[in-house]
Amino acid sequence: MYDVFITKASKYLPNEPVANDEMETYLGLINDAPSKARSLILRNNKITTRYYALDKEGNPTHTNAQLTAKAIEGLFDENFKKADMKLLSVGTTSPDQIQPSHASMVHGELNIGKSIEINTSTGLCNSGMNALNYGFLSVKAGVQENAVCAGSERMSSWMTADKFNHEAENLKLLEERPIIAFKREFLRWMLSDGAGSFLLENKPRENGISLKIEFIDFYSYAHEIEACMYAGCEKQEDGSLKSWADYPSDEWLRQSIFAIKQDTKILDKYILVKGAESLRSSFDKHNLDPEKIDHVLAHISSGYFKEGLKEEFAKKGMDFPWEKWFYNLSDVGNIGAGSIFIALEELMNSGTLKKGEKVLLCVPESGRFAYSCSLLTVC
């Protein structure tokens, strides 16, 4: 078995940052009316700017595959060229198509001129960590000597007004059934576009920062809790999900079946509690001392959860002081599967990391409440 190191990190954020008061310029007005929920959601999520792969007319400027390829291209240098790549492992919530796989499309965009092993992880926020884990295990086992891993999202095209106008006009949900409308509209003001990538190798770089991956752990609570975040389906009264394939096609637009939706009541009840429970399990499993952690990178979807997450960790004996926490949510937004990659890229290239320091990564996924965490050591 080999040690595995993140030897380089790169990110790509499309176009210029979009301020809160510009969002509907890019996404459009549903039924030609300004959103009533936007200001409340933005006040709570504490996001001030984000990035869209759209122009101001709502036209796409990049595909998800192109965003991912641009992030990966930042990994190439004199020490690691395109021809050196052995494995490409990518994760996303928002692939450009159902098939072919996202990894196939990214491989095509990279134009590296050779066949390589590819892997696609799908799902929600943990799909990026799943992709990282695939690369980590492949290098650790000696199956491949290096792996390029990436997490990305292009959610903006899912959130443009034209995707919701038909529902608003025909069912008038925005006025008559505000709770149902809210679960569809909520994430329009939460999500952002972008991609982050890591190069994994079986030895550290001689010059510069490398991060040794000590472990990556995963936990799912789907056996206990119904779905909270979902798309391509509709939630039934008993908590089950009815697939888009089981609806007549004329219902797809009327009910915004393909919109990504969030059950915020379930979110508040479980997201922090189960996050702390899962992290405590990893600390016990690996016999970790919370005081030995130097940097905490916890992906959160909203600034609303920031204080509560710290409190829940503290209840489980993991009271990390604020100076150890690293967030960039307010500046780049919630990029789902790409968020932890982009946050770590920023920290890794900040010049603040010191040899021997421990970096903790925590990623929640509210789909049906799954969590991942990883410990890194600065080399």
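Strand S8 runs antiparallel to strand S15 (residues 370-378), and nine bridges join the two. Within this pairing, Phe 215 has Leu 375 of S15 as its bridge partner. Two strands are taken to pair if DSSP finds at least two bridges between them. Strands and helices are DSSP runs numbered from the N terminus, with at least two residues (E) for a strand and at least four (H or I) for a helix.

The model is predicted: local features need pLDDT of at least 70 and side-chain atom pairs count only at pLDDT 80 or more, whereas totals for chains, interfaces and linings use all residues. Residues are numbered from 1 along each chain as its sequence is written, and side-chain values use heavy atoms, with hydrogens and water left out.

Strand S8 (residues 211-220) also pairs with strand S1 (residues 5-12), in the antiparallel sense and over two bridges. Here Phe 5 has Lys 212 in S8 as its bridge partner.

## The nine-strand sheet

These strands belong to an open sheet of nine strands with mixed pairing, in the order S5-S4-S6-S7-S1-S8-S15-S14-S13. Strand S5 (117-122) and strand S13 (295-298) are the edge strands, each pairing on one side only. From one strand to the next, the twist averages 20 degrees. In general, strands of a sheet pair through backbone hydrogen bonds, either parallel or antiparallel.

Strands S6 (residues 146-153) and S7 (residues 194-201) run antiparallel and are joined by eight bridges. Gly 151 stands opposite Gly 196 in S7.

Helix H13 (residues 339-348) lies across S1, S6, S7, S8, S13, strand S14 (358-365) and S15, and runs at about 110 degrees to S1. Axes are lines fitted to C-alpha atoms, for helices over the stretch in contact, and angles run from 0 to 180 degrees between N-to-C directions.

## Packing of H10 and H11

Helix H10 (residues 264-285) packs against helix H11 (residues 306-315) with the axes 9 Å apart and at an angle of about 40 degrees. That angle makes H10 oblique to H11; angles under 35 degrees count as roughly parallel, over 145 as roughly antiparallel, 65 to 115 as roughly perpendicular and the rest as oblique. H10 passes H11 in a right-handed crossing. A crossing is right-handed if the near helix is turned clockwise from the far one by less than a right angle, and left-handed if anticlockwise.

From H10, Leu 272, Val 273, Gly 275, Ala 276 and Leu 279 meet Gly 308, Leu 309, Glu 312 and Phe 313 of H11, contact meaning heavy atoms within 4.5 Å. By class, six nonpolar, two polar and one charged residues form the contact of H10 with H11. Ala, Val, Leu, Ile, Met, Phe, Trp, Tyr, Cys and Pro count as nonpolar, Asp, Glu, Lys and Arg as charged, and the others, Gly among them, as polar.

## Packing of H3 and H4

The axes of helix H3 (residues 64-73) and helix H4 (residues 102-110) cross at roughly 60 degrees and come within 8 Å. The two helices H3 and H4 are therefore oblique to each other, and their crossing is right-handed. H3 contributes Asn 64, Ala 65, Gln 66, Thr 68, Ala 69, Ile 72 and Glu 73 to the contact, and H4 contributes His 102, Met 105, Val 106, Glu 109 and Leu 110. By class, the contact of H3 with H4 comprises six nonpolar, four polar and two charged residues.

## Backbone features in loops

The peptide bond from Gln 99 to Pro 100 is cis, with omega near 0 degrees. Pro 100 lies in the loop between strand S4 (87-92) and H4.

Lys 46, a residue other than glycine, has a positive phi, near 65 degrees. Lys 46 is found in the loop between helix H2 (38-45) and strand S3 (49-50).

## Annotated domains

In an unreviewed entry, UniProt lists residues 65-165 as "domain: Thiolase N-terminal". Over residues 65-165 the chain is 34% helix and 20% strand, with the end C-alpha atoms 27 Å apart.

UniProt, again in an unreviewed entry, lists residues 284-363 as "domain: Beta-ketoacyl-[acyl-carrier-protein] synthase III C-terminal". Over residues 284-363 the chain is 32% helix and 12% strand, with the end C-alpha atoms 18 Å apart. UniProt positions are given in the numbering used here, feature names are shortened, and annotations may be inferred rather than shown by experiment.
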